Amino acid sequence: MTVTREEAIELLEAMVRIDSVTPWLIPGGAGEGDIARFTRDWLADLGLEATLEEVEPGRPNVMAWLRGSAPGPTICLSAHSDTVGYANWADSALHPVVEGDRMIGLGVADDKGGCAAAMLAVRELVRSGTELAGNVLVALVIDEEGVSIGTEHLVAHHAAEIDLAINLEPDGSHTIYGEHQGFGWIDIVVHGEPAHGSAPDKGVDAIVHMAEVVTRLHRLDETRWKPNPDPKNGRTVFHTGTIRGGTDYATYPNQAVLGIEIGTQPGESLADRVAEIETIFAEVTESEPRFRGEVVVRLDRDPFTGAGNESLLSALGDATEAVNGVRSPVTGLNAWTDAALFQSAGIPTVLFGPEGGNYHAAQEWVSIPDMIATAEILRQTLVTLIGRKDGDS
Ligand SMILES: [Zn+2]
């Protein structure tokens with residue numbers, strides 16, 4: 001028994017047609033209200049106890065419970081219902097098209113393919129009549145493309161009810177992820193001394209001083225982070241994102257602000273990266289005594305280091321082998337996902353998802369057969385973990 005291609009296409013197309021651009025990223029974005037009502041109704045029709053939990057006005061998580069006939073652990077299948085914006089799409093972002101084995105459209109992979117895989121897995125579980133000793137929670141959360149307030153809300157209110165979690169995000173390589181990098185968004189603020197252009201003795205050029213910082217940051221990346229990748233999570237993320245500063249052509253710039261994204265590996269924290277930046281400040285001060293800089297942390301996300309997830313890894317690995325004929329390897333990732341928030345809340349978690357590509361870009365695609373395979377892998381994993389066996393009471 002498995003999901004048909006027509007069923008998978010029908011569900012995913014319906015979800016892609018519903019605009020759910022995250023308003024945190026794109027002011028005025030449609031938000032997750034419409035997609036949440038659609039998915040809640042779809043899951044409620046299966047007989048799940050499906051509710052909306054408003055995280056921000058008009059922006060609800062969907063929480064849908066399939067309760068077993070006997071007690072046992074609760075497994076959460078989690079995916080995010082929001083998408084990035086679609087300014088870089090010609091016109092077809094919300095009008096998905098099927099080309100061969102691929103569906104193309106905004107969010108087909110990231111992460112509506114994950115949402116659909118979880119929903120279809122549960123539908124097959126219900127249809128099969130499998131008795132469960134335990135529960136399944138399908139959680140479709142908001143704002144992952146923003147600052148993850150959906151998953152923060154979920155774990156703040158429900159962590160104690162969840163025993164294991166599978167966080168679904170698209171992936172091109174049939175891999176199960178048991179860890180990944182953390183990251184920070186940091187502003188580096190360099191202060192100058194505004195002065196008339198004809199008063200070099202008084203002026204301190206914040207932009208020239210910032211250039212010294214940027215050069216040293218780049219050197220640190222080249223000499224430390226780039227040559228020493230984590231064996232599982234790859235090269236530590238570092239890149240500049242934004243820069244602004246100065247007031248006008250005629251005045252020494254009083255301030256320059258650099259926005260960077262910077263990664264942390266398991267065992268590290270953002271404080272380690274901040275200390276490295278402060279060492280750079282000290283170096284610049286040696287040659288530029290009037291240098292003044294400060295670090296402002298805008299967002300700090302811990303790395304994901306899976307723990308206690310052995311039963312999940314085993315069941316999921318077995319299911320990939322049964323469905324795909326090849327056992328998916330377990331490794332780490334050089335990106336960040338909501339899996340870190342689940343694990344930090346004490347819920348053993350793994351990260352997995354259907355094959356796709358061009359995430360956050362035009363012509364985003366998902367493999368329809370792999371989305372169906374993912375649904376079947378999830379169903380088998382649930383049966384292994386909480387399928388009722390003789391002797392369960
Ligand atoms: Zn995503």
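Helices (H or I, at least four residues) and strands (E, at least two) are DSSP runs, numbered from the N terminus. The structure is a predicted model, in which local features need pLDDT of at least 70 and side-chain atom pairs count only at pLDDT 80 or more, while totals for chains, interfaces and linings use all residues. Residues are numbered from 1 along each chain as its sequence is written, and side-chain values use heavy atoms, with hydrogens and water left out.

Let me turn to the domains. Their bounds come from an automatic or database domain assignment. Domain 1 covers 5-180 + 303-386, and domain 2 covers 182-301. Taken over C-alpha atoms, the centres of domain 1 and domain 2 are separated by 36 Å. Contact means heavy atoms within 4.5 Å, and 14 residues from domain 1 and 14 residues from domain 2 take part in it.

The size of an interface is often given as the accessible area lost when the parts come together. Buried area here is the accessible area (1.4 Å probe) that two parts lose on being put together, summed over both. Between domain 1 and domain 2 about 1,100 Å² is buried, with 56% of it on carbon and sulfur atoms. Which three residues supply 45% of the area that domain 1 buries against domain 2? They are Glu 179, Pro 303 and Trp 336, which supply more than any other three residues.

Next, the salt bridges. A salt bridge is a side-chain nitrogen of Lys or Arg within 4 Å of a carboxyl oxygen of Asp or Glu. The structure holds 25 of them, and two salt bridges are found across the interface of domain 1 and domain 2. Arg 301 pairs with Glu 152 in a salt bridge whose closest N and O atoms are 2.9 Å apart. Another salt bridge joins Glu 32 and Arg 59, with the closest N and O atoms 2.8 Å apart. Glu 32 lies in the loop between helix H1 (5-17) and helix H2 (33-45), and Arg 59 lies in strand S2 (residues 59-67), so this pair ties together parts that are 27 residues apart in sequence.

I now come to the empty space. Rolling a probe the size of a water molecule over the atoms shows where such space is left. On a 1 Å grid over the protein atoms alone, a cavity is a set of points where a 1.4 Å probe fits but cannot get out; a pocket is an open set with protein on both sides within 12 Å along at least five of seven lines; and lining residues have an atom within 4 Å of a point. Grid points are joined across faces, edges and corners, and a volume is the space filled by probe spheres set on the points.

The largest pocket holds about 650 Å³ of space. Of the 30 residues that line this pocket, Glu 144, Ala 335, Trp 336, Thr 337 and His 360 are the closest to its centre. For residue classes, Ala, Val, Leu, Ile, Met, Phe, Trp, Tyr, Cys and Pro count as nonpolar, Asp, Glu, Lys and Arg as charged, and the others, Gly among them, as polar. The lining of the largest pocket then divides into 14 nonpolar, nine polar and seven charged residues.

The second largest pocket has a volume of about 170 Å³. Its lining includes Trp 185, His 239 and Arg 298.

There is also one cavity of 30 Å³ or more. Among the residues lining the largest cavity are Ser 78, Asp 111 and Glu 144. S3 gives the largest share of this lining, three residues.

Finally, two points of the backbone. The peptide bond from Asp 110 to Asp 111 is cis, with omega near 10 degrees, and Asp 111 is found in the loop between strand S5 (102-104) and helix H3 (112-128). Asp 143 is not a glycine, although its phi is positive, at about 70 degrees. Asp 143 is found in the loop between strand S6 (133-141) and helix H4 (149-158). Thank you.
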